[in-house]
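Here are my notes on the model you asked me to look through. Have it open while you read, and check each point as you go.

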Amino acid sequence: LCRGGLAERLCRLQNRERSAISFWRHQCISDAKIPSDKSGVLIVKILEIFEECTIQVAICQQLEQSPATLSPEDVVINAEEPILKVLFTRETAAHLKSRPQDVIHIYPPWQKLLLRNADVPVIMNTYFSQKVLLSEYSEAREKTCGLTKMLIRKNIISLAQTFRLDDLDDELHQKSSDNQQVACAPQIRNNCNLKQHPLAQSAVNDSLLEMVESQGAVGWREAQVQVVIQRVYCLPARQGYRSHIQGNKPLYKPMSNGGMFCRLCLLVQDAYGMFSEVQLQSLSSTDDIEQYCRRWEGKFCWLAGMKILQRTTRGRRGYNVFVISSLSVPPLIPPSAKSKSISMTTNLPPPSFCYILTVRSGEVHVEVDEEEQISNLYQPPAVHGLKEILRIDGCNKRCSFGAQVLYLRLQTKHSVPINQREILLFVTDSTLQDVVHMIPKVVAVAVTASCVLSTDIIEALSVASRLVFFKDALWGNGKIICVERTVLLLQKPLLCSAAGADLSELTGPVRLDELDSTTQANSICALRGTVVGVNESTAFSWPTCDRCGNGKLELCPQDRELLYCKQCSEVVVTPVLKMQLEVFLSCPSRSQSTVKVKVWQCPGLFVLLTMLLFTQTYEVQSVMGKEVGLLNCYVHSVTSHPNCVALEEIVLL
């Protein structure tokens, strides 16, 4: 909150108000009696109670006095006293636990509101209220009634009534068909035969916010809401196990007990433009997420048996709110043009909050009409080229794109568990390969541990370079990040608006940026230079299995002169020798820097490697000045003091 602003002042006022109410109630309980000061006290007898917009409304009759010796039924009511409509907040109502015939003392500072064209005054600010037990009879009744929960009638006030949209359906049928945003509104009610759906036995509501406000945090059972599915994705479950990568080979490992590790979620929108996230059942595998996206996105569905988990905003790392902002779909039912107090506009800002809903156990929850046509409210992902995304201004912008994955690497932060580390995917597309200056030819996409990757994606990238579609990734501060609610697909979505983006695989050779003064750490580049030094102390080699590539071979128990692979359970007759060596290069593009490269099996330095690893007598000077390049390298670090660049030779997918 801005210091000294209205919001901060209001927050302090609310905190002081809550403290004053708590202190007053504690004092009443400690004194075990009604406060003696009766000046300004309003005494009412409750005749009827109902709930409206989470506020408890009590129809009461004012009493001149409440004799302590009488029961509430015997209290004399003056017929000339006016009827009052007393408003109690949810917290006050829960404290009072009022019922009809109860007598309530309302202490100052209560306020009376006289409404125009209404005969019944409204009493507000009833925080300092106390239910009066007038006799032993009333105390016994209180104990008896307290065992049974009272059912309070809830008046659902429609948003159409609030915004004077009662005649909206008549108006919409008279509108011209070229006004698509208004003309398609009847579809959300009339396109589907509700009798075909098991959830359609009760009245259908078209407003999420109205349902949340009327039903409260407990949720709703019989009532249902009709919405459109905007996105389908998975979120990691707490007991799940992260798919991870060892070396450059992805390895998918579910829980050892075969348990479920992710939860299917829907981002839905109602006709008024309000969004909610619905968390459904857990999945034992993410392989079906692509099928769910194709079958459900853009379709109508009916929600019932929901309960509210959380209300999230941007300040609470609400990544779903950023997805909502990227959709920015105008509501199907805008405010009526007849209402002079509300302007008729579709340029409304997207909601800055979102309710997270979950299903109740053992109930029918969601019904999706897969046979119905795509709703006009659906906003498919807008696919852009990487060149266009890199030029987007701002932070935390959702973006979708298709790109060729060239190389992937697990971040080596040893303090972080391996199943919680980021994966770096180095990608490119035709828009980057065609540029000459100022824009990199390859960009890194960070995949966080909260982004659920399907088995198909991991297995596909472990074999070869693939074109991957990134849906709703996060762009900001010069980085593309795959976080919660980002979906990676091997196939282009059926519905997507590709604004000039080329979603075809690259056919020609891929070019990397050469090492220069703009190269940053955690990037890949092409390197050429001249050998100026060799770090002989770090040179080593190791044998690997010629079948599976296992680098941890053992001596064969039967023949100590042979090697044995446990993964293959076979004797390795012709092992493949892997080598590592650190060399120092002089690069014209970084003439002032020390360039250190960790070489694995560079063809240009194969003779050098053979000399260092297999001969006892050699001259390092004989390889000095040898030209090297082009090497594909991963940049570990770039430092200025000392001026040094540390790289590692890599093999692209």
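The points below go through cores, sheets and cavities in turn.

1. Before anything else: this is a predicted model, where local features need pLDDT of at least 70, side-chain atom pairs count only at pLDDT 80 or more, and totals for chains, interfaces and linings use all residues. Residues are numbered from 1 along each chain as its sequence is written, and side-chain values use heavy atoms, with hydrogens and water left out.

2. Start with the largest nonpolar core, which has 30 residues. (A nonpolar core is a set of buried Ala, Val, Leu, Ile, Met, Phe, Trp, Tyr and Cys residues joined through side-chain atoms within 4.5 Å; buried means under 20% relative accessible area, with a 1.4 Å probe and protein chains only.) Val232, Leu264, Val268 and Trp296 have the most contacts inside it. Among the elements that each supply at least two residues are helix H8 (208-215), strand E13 (262-269) and helix H9 (289-296). Strand E10 gives the most, with five residues. (Helices, H or I with at least four residues, and strands, E with at least two, are DSSP runs numbered from the N terminus.)

3. Now zoom in on Val268. Its contacts (heavy atoms within 4.5 Å) include Leu208, Val227, Phe275, Cys301 and Leu303, leaving out residues up to four places away in sequence.

4. Apart from that core lies another one, of 29 residues, including Leu432, Val443, Leu453 and Leu488.

5. Next, look for the barrel: five strands close up in the order E27-E31-E32-E34-E33, with mixed pairing. (Two strands pair if DSSP finds at least two bridges between them.) Strands E32 (594-599) and E34 (643-649) run parallel and are joined by five bridges. One to find yourself: Lys596 has Ala646 in E34 as its bridge partner.

6. There's an open sheet too, with three strands in the order E28-E29-E30 and antiparallel pairing. E28 (554-555) and E30 (570-572) are the edge strands, each pairing on one side only. E29 (563-565) and E30 share three bridges, and Leu563 has Val572 in E30 as its bridge partner.

7. Last, how many cavities of 30 Å³ or more are there? The count comes to three. (On a 1 Å grid over the protein atoms alone, a cavity is a set of points where a 1.4 Å probe fits but cannot get out; lining residues have an atom within 4 Å of a point. Eleven residues line it, and Cys234, Ile289, Val452, Thr486 and Val487 are the closest to its centre. E10 turns up again here: E10 and strand E25 (487-489) are the elements that give two or more residues to this lining.

Note on methods
Buried < 20%, exposed > 50% of the residue type's maximum accessible area, 1.4 Å probe, protein only. 1 Å grid on protein atoms, 1.4 Å probe; cavity = no way out; pocket = protein on both sides within 12 Å on 5 of 7 lines; lining within 4 Å. Points joined across faces, edges and corners; volume = space filled by probe spheres on them.
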